[in-house]
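Me: I would like to learn how to read the features of a protein model, one at a time. Please give the general idea in each case, and then the case at hand.

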Amino acid sequence: GLPLCVCVQVSVIYFGQSAELTGLKGEELVSVPTPISSRELWELLQQRHPRLAVLRGHVVLAVAQQYIPIAEQLVVLRDGDEVAVVPPLSGG
């Protein structure tokens, strides 16, 4: 059978340009698998909001107030965690 998927509910908070692109300050994501790589987490958000693609390579995620580069690094999410999408500070 399929491996048992551990899924959690997290809230996502969008900052700066990511908020403009999604039109949201935040949203709830239900049934996010954990552990998940930060890259997969980003792709999950990008599927929901294709316009986020322009930030690819210029954004970091913060989970439980710890910054995580978008990479193959595994992130263990817990129920109720906050995931922040932090684009580069606009300037220049």
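Me: Does Gln-46 count as buried or exposed, and at what relative accessibility?

Reply: Some conventions come before the reading. This is a predicted model, in which local features need pLDDT of at least 70 and side-chain atom pairs count only at pLDDT 80 or more, while totals for chains, interfaces and linings use all residues. Residues are numbered from 1 along each chain as its sequence is written, and side-chain values use heavy atoms, without hydrogens and water. Buried means under 20% relative accessible area, exposed means over 50%, and partly exposed lies in between, with a 1.4 Å probe and protein chains only. Gln-46 has 19% relative accessibility, so the residue counts as buried.

Me: Where is Gln-46 placed, and with which residues is Gln-46 in contact, leaving aside its neighbours within four places in sequence?

Reply: Contact means heavy atoms within 4.5 Å. Gln-46 sits in helix α2, and beyond those neighbours Gln-46 touches Leu-52, Ala-53 and Arg-56. With 36% relative accessibility, Ala-53 counts as partly exposed. The C-alpha atoms of Ala-53 and Leu-24 are separated by 16 Å, the two residues being 29 apart along the chain.

Me: How many helices and strands does the protein chain have, and what pattern does the chain follow?

Reply: Helices (H or I, at least four residues) and strands (E, at least two) are DSSP runs, numbered from the N terminus. The protein chain contains 2 helices and 7 strands, in the order β-α-β-β-α-β-β-β-β. Contacts can also be sorted by sequence separation: of those with a separation of 6 or more, 59% join residues 24 or more positions apart.

Me: What radius of gyration does the protein chain have, and what would a compact globule have?

Reply: The radius is taken over C-alpha atoms, and the globule rule is 2.2 Å times the number of residues to the power 0.38. For 92 residues a compact globule would have a value near 12 Å; the protein chain has 13 Å, which agrees. Along the principal axes, the C-alpha atoms fill a box of roughly 50 × 25 × 25 Å. Of the 92 residues, 39% count as buried.

Me: Which residues have the most contacts inside the largest nonpolar core?

Reply: A nonpolar core is a set of buried Ala, Val, Leu, Ile, Met, Phe, Trp, Tyr and Cys residues joined through side-chain atoms within 4.5 Å. The largest one here has 22 residues, and Leu-45, Leu-77 and Val-85 have the most contacts inside it. At least two core residues come from each of β1 (7–14), α1 (16–22), β2 (26–33), α2 (38–48), β4 (60–63) and β7 (82–86). Strand β1 gives the largest share, 4 residues. Leaving aside neighbours within four places in sequence, the contacts of Leu-77 include Val-8, Val-10, Val-32, Leu-41 and Val-83.

Me: Which peptide bond is cis, and which residue in strand β2 has a positive phi?

Reply: Most residues other than glycine have a negative phi, and most peptide bonds are trans. Here the bond from Thr-34 to Pro-35 is cis, with omega near 0°, and Pro-35 lies in the loop between β2 and β3 (36–37). In strand β2, Ser-31 has a positive phi, near 50°. Gln-65 also has a positive phi, about 65°, although it is not a glycine. Gln-65 is located in the loop between β4 and β5 (66–69), and its 76% relative accessibility makes it count as exposed.
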